[in-house]
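Visitor: I am new to this structure and would like to learn how to read it. Could you show me around?

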Amino acid sequence: MSAPVIFVVEDEPRLAQLVRDYLQAAGYTARVFDHGLAVEPAVRAETPALILLDVMLPGRDGLSICRALRAFSPVPIIMLTARVEEVDRLIGLEAGADDYICKPFSPREVVARVRAVLRRAPAWHDAAPPAAPRGEAEPAPAGLVIDTDHHRARWDGQWLDLTPVELRLLAALAAQPGRVFSRDQLLDKLHPDQRTLSDRTVDSHIKNLRRKLETVRPGQELIRSIYGVGYKFEP
């Protein structure tokens, strides 16, 4: 099998070269882009397994690129940023990013994060859905099929374009319809490495997930907010 292709979008040449060398030593094929305007055409031309995307880029910033990619692709995206304020991390996740790494970082940490995200979203870019998914969440509401092996979710016969984080969130909620999950419980399921994140991170992912579910069932509030507690899934 060919090595998974990782796009490294970073305009600092030495940093980009260092990350590429570590990724290739870990068995990946790394392609480096140093200009924001080159990213979207490259993703449309070639399907990467994952994108490492710097926030500050010439031509087009990383958040704008992330939003544009999410309009047509669920490719996993890890943001690279020197802006460590909570609001910047939150904005990145709202744009559709699956994870973030703050600079300065160890290239070994980058490789570890890439492996972790790809483990959670294996083979998301396969062209056709599997005939008999092995990773379906049980129990699941009628009309919902979650295939964790191939990173797919089908709702009322329509495939949803979910990010890896959104898929884990939907799987956790749908596994126990009607159960109220606190934000802390959902954070544990979204990021099992126990990093420190704001409760608002869950709110951002819920907002994005609601929007995608409403494309299938317009006007229905499938994920309900329980004031002062958290969220529950009620199809």
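Predicted model: local features only at pLDDT ≥ 70, side-chain atom pairs only at ≥ 80, totals over all residues.

Visitor: What average pLDDT does the protein chain have?

Guide: pLDDT is the predictor's confidence in each residue, from 0 to 100. Here the protein chain averages 81, and 81% of the residues score at least 70. Over residues 123–140, however, pLDDT stays under 50. For that stretch the model has 34 contacts beyond four places in sequence, a contact being heavy atoms within 4.5 Å.

Visitor: How many helices and strands are there?

Guide: Helices (H or I, at least four residues) and strands (E, at least two) are DSSP runs, numbered from the N terminus. In the protein chain they come to eight helices and 11 strands.

Visitor: What share of the residues is buried?

Guide: Buried means under 20% relative accessible area, exposed means over 50%, and partly exposed lies in between (1.4 Å probe, protein chains only). Of the 235 residues in the protein chain, 50% are buried. As for contacts with a separation of 6 or more, residues 24 or more positions apart account for 60% of them.

Visitor: Now the sheets, please. In what order do β6, β7 and β8 lie?

Guide: Two strands pair if DSSP finds at least two bridges between them. This open sheet has three strands in the order β6-β7-β8, with antiparallel pairing. At its edges are β6 (144–147) and β8 (158–160), each pairing on one side only. From one strand to the next, the twist averages 25°.

Visitor: Which residues stand opposite each other there?

Guide: Four bridges link β6 and β7, and L144 stands opposite W155 in β7. Between β7 (residues 152–155) and β8 there are three bridges. W155 has Q158 as its bridge partner in β8, and R154 stands opposite W159. The hairpin of β7 and β8 has two residues between the strands, and D156 takes a positive phi near 55° in that hairpin.

Visitor: In what order does the sheet with β9, β10 and β11 run?

Guide: The order is β9-β11-β10, again an open sheet of three strands with antiparallel pairing. Because β9 and β10 stand at the edges with a single partner strand each, one side of each is left without a neighbour in the sheet. Strands β10 (residues 223–226) and β11 (residues 230–233) are joined by four bridges. Partners across this pair include I223 with F233 and R224 with K232. Three residues lie between the strands of their hairpin, where G228 takes a positive phi near 80°.

Visitor: At what angles does α6 run to β6 and β11?

Guide: Axes are lines fitted to C-alpha atoms, for helices over the stretch in contact, and angles run from 0 to 180 degrees between N-to-C directions. Helix α6 (residues 164–174) lies across β6, β7 and β8 at about 125° to β6. α6 also lies across β9, β10 and β11, at about 75° to β11.

Visitor: Which residues of helix α7 are buried?

Guide: An α-helix has 3.6 residues a turn, so residues three or four places apart point the same way. In α7 (residues 183–190), the buried residues are L186, L187 and L190. They fall within an arc of 105° seen down the axis, so they line one face of the helix. The arc is that of the directions from the helix axis to the C-beta atoms.

Visitor: Where is R179 found, and what does it touch?

Guide: R179 is in the loop between α6 and β9 (181–182). R179 counts as partly exposed because its relative accessibility is 33%. Not counting residues up to four places away in sequence, R179 touches Q185, Y231, K232 and F233. R179 and G230 are 51 residues apart in sequence and 10.0 Å apart in space, C-alpha to C-alpha.

How values were computed. Residues numbered from 1 in each chain as written. Heavy atoms only, no water.
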